[in-house]
Amino acid sequence: MTALGLVLALAGCTLRLETEPPAPPVPDASESARQRTAVDAERVAATAAAVATTDDGPAEAVSVLVAEVAAAAEAHVEALGGVHEPAPVPGASPSPSPAEEGPAGSADVEDLVAVLVEAGSTARSDVAVVDDGGLARLIGSVAAHRLLAADALARATGLDVDALEASRATADAPTRPALTSSELAAVVTAEDAAGFVWEVVAARRADAERATAAAHAARHRAAAQAWATSGDVVGTDLDPRRATYPLPAAVADDTDAAAVADALHAAESAIATDYASLVAGADGDDRVLLVDLLAVTSAAARDASANGSVPRFPGLPERS
């Protein structure tokens with residue numbers, strides 16, 4: 001009876017074994033890069049807001065650039081899917097995001113340029129570790145925007161900062177990623193044709209305008225040569241380059257300066273789109289090179305346009 005009573009007593013109790021809570025999931029390299037890019041976008045937006053609210057804010061033209069940077073950063077956060085908050089730790093207060101904290105103290109344009117260069121360089125490197133091609137293309141575009149915006153702000157305010165220095169150095173390197181025959185033919189033709197168009201423009205201009213157009217022409221011709229050399233098509237029947245190419249109507253007519261600028265902007269933007277598309281299918285350091293080519297070509301598109309604006313998503317026309 002004693003044993004039976006003990007069994008019945010135990011049966012009426014619920015035994016609870018203490019177990020450790022499940023470990024939070026560890027983000028992979030792609031998610032870490034996405035999160036980092038989104039967090040940096042919030043930091044860029046917060047810094048731009050601090051610049052805009054200072055008592056002795058920048059001049060009106062620079063204020064427009066700062067506002068565009070803030071708007072672009074907000075668009076980047078949304079496109080990246082926002083900042084994912086980590087699982088809360090029991091008893092700990094959640095950490096606010098950069099946007100929730102708001103700008104700490106004041107900031108000037110130099111601070112914003114520094115943040116853009118740092119965040120742009122980080123995103124530029126992160127494309128090499130992302131598994132998903134579409135995400136790599138998006139992060140590469142965000143990186144290009146940050147470097148372009150930093151360059152625009154530095155030039156507008158006379159800061160001695162070359163935000164595109166690293167991108168130009170890589171873009172000028174003779175090595176190129178391996179492409180399919182159709183991709184290679186397309187990029188060689190696009191670069192060589194753009195060089196021809198700029199040469200025609202240079203021949204019709206004088207002084208500084210001629211030198212600028214000639215520099216663009218030389219850059220495109222050199223890029224075409226580098227791609228053709230890397231693809232082993234130089235001097236073969238597979239080399240798609242020709243002596244001349246059809247000119248955009250505005251360039252052929254050359255009576256409306258604004259129309260010529262639009263045509264040159266469109267040509268540069270189309271090549272930037274090609275490079276952004278190639279980022280998705282590339283790997284590792286090849287992606288970094290393609291992002292640098294995207295940034296340099298997008299800078300040329302910006303300089304060719306009448307208003308010199310920086311697109312929020314360079315090379316991604318579907319997000320314009």
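This is a short tour of the structure, stop by stop, for you to follow in your viewer.

What you have open is a predicted model, where local features need pLDDT of at least 70, side-chain atom pairs count only at pLDDT 80 or more, and totals for chains, interfaces and linings use all residues. Residues are numbered from 1 along each chain as its sequence is written, and side-chain values use heavy atoms, with hydrogens and water left out.

**Stop 1: helix H3**

Select residues 60–79, which make up helix H3. Helices here are DSSP runs of H or I with at least four residues, numbered from the N terminus. H3 has 20 residues and spans 29 Å from its first C-alpha to its last, close to the 28 Å expected at 1.5 Å a residue. That expected span is 1.5 Å times one less than the number of residues.

Now colour the buried residues of H3: Val-62, Val-66, Val-69, Ala-70, Ala-72, Ala-73, Ala-75, His-76 and Val-77. Buried means under 20% relative accessible area, exposed means over 50%, and partly exposed is in between, using a 1.4 Å probe and protein chains only. An α-helix has 3.6 residues a turn, so residues three or four places apart point the same way.

What do these buried residues of H3 pack against? Show helix H2 (29–52), helix H5 (109–126) and H6, and you have the partners. After H3, click on Gly-81, whose phi is positive, near 90°.

**Stop 2: the largest cavity**

Cavities and pockets are found on a 1 Å grid over the protein atoms alone: in a cavity a 1.4 Å probe fits but cannot get out, while a pocket is an open set of points with protein on both sides within 12 Å along at least five of seven lines; lining residues have an atom within 4 Å of a point.

The volume of this cavity is about 30 Å³. A volume is the space filled by probe spheres set on the grid points, which are joined across faces, edges and corners. H3 gives the largest share of the lining, 4 residues, and H2, H3 and H6 each supply at least two. By class, the lining has 6 nonpolar, 2 polar and 1 charged residues. Nonpolar covers Ala, Val, Leu, Ile, Met, Phe, Trp, Tyr, Cys and Pro; charged covers Asp, Glu, Lys and Arg; the others, Gly among them, are polar.

**Stop 3**

Select residues 133–157 for helix H6, then pick out Asp-151 within it. Is Asp-151 buried or exposed? It is buried, because its relative accessible area is 8%. Leaving aside neighbours within four places in sequence, Asp-151 is in contact (heavy atoms within 4.5 Å) with Ala-163, Leu-164 and Arg-302.

Next, click on Leu-159, in the loop between H6 and helix H7 (165–171). Leu-159 counts as partly exposed because its relative accessible area is 24%. Try the distance tool on Leu-159 and Val-109: they are 50 residues apart in sequence but 9.2 Å apart in space, C-alpha to C-alpha.

**Stop 4: the nonpolar cores**

Select Ile-139, Trp-227, Tyr-275, Leu-290 and Leu-293, the residues with the most contacts inside the largest nonpolar core, which has 45 residues. Such a core is a set of buried Ala, Val, Leu, Ile, Met, Phe, Trp, Tyr and Cys residues joined through side-chain atoms within 4.5 Å. H6 brings the largest share of this core, 10 residues. Apart from it lies another core, of 21 residues, including Ala-50, Val-66, Leu-112 and Leu-153.

**Stop 5: the largest pocket**

Select Trp-198, Val-201, Glu-209, Leu-264 and Ala-304, which lie nearest the centre of the largest pocket among its 15 lining residues. Helix H8 (181–203), helix H9 (207–230), helix H11 (257–281) and helix H12 (284–304) each give two or more residues to the lining. The space in this pocket is about 300 Å³. Its lining has 9 nonpolar, 3 polar and 3 charged residues.

**Last stop: two aspartates**

Finish with Asp-232, in the loop between H9 and helix H10 (249–253). Asp-232 has a positive phi of about 55° although it is not a glycine, and it counts as exposed because its relative accessibility is 63%. Then find Asp-254 in the loop between H10 and H11; its phi is also positive, near 55°. Asp-254 is partly exposed, with a relative accessible area of 25%.
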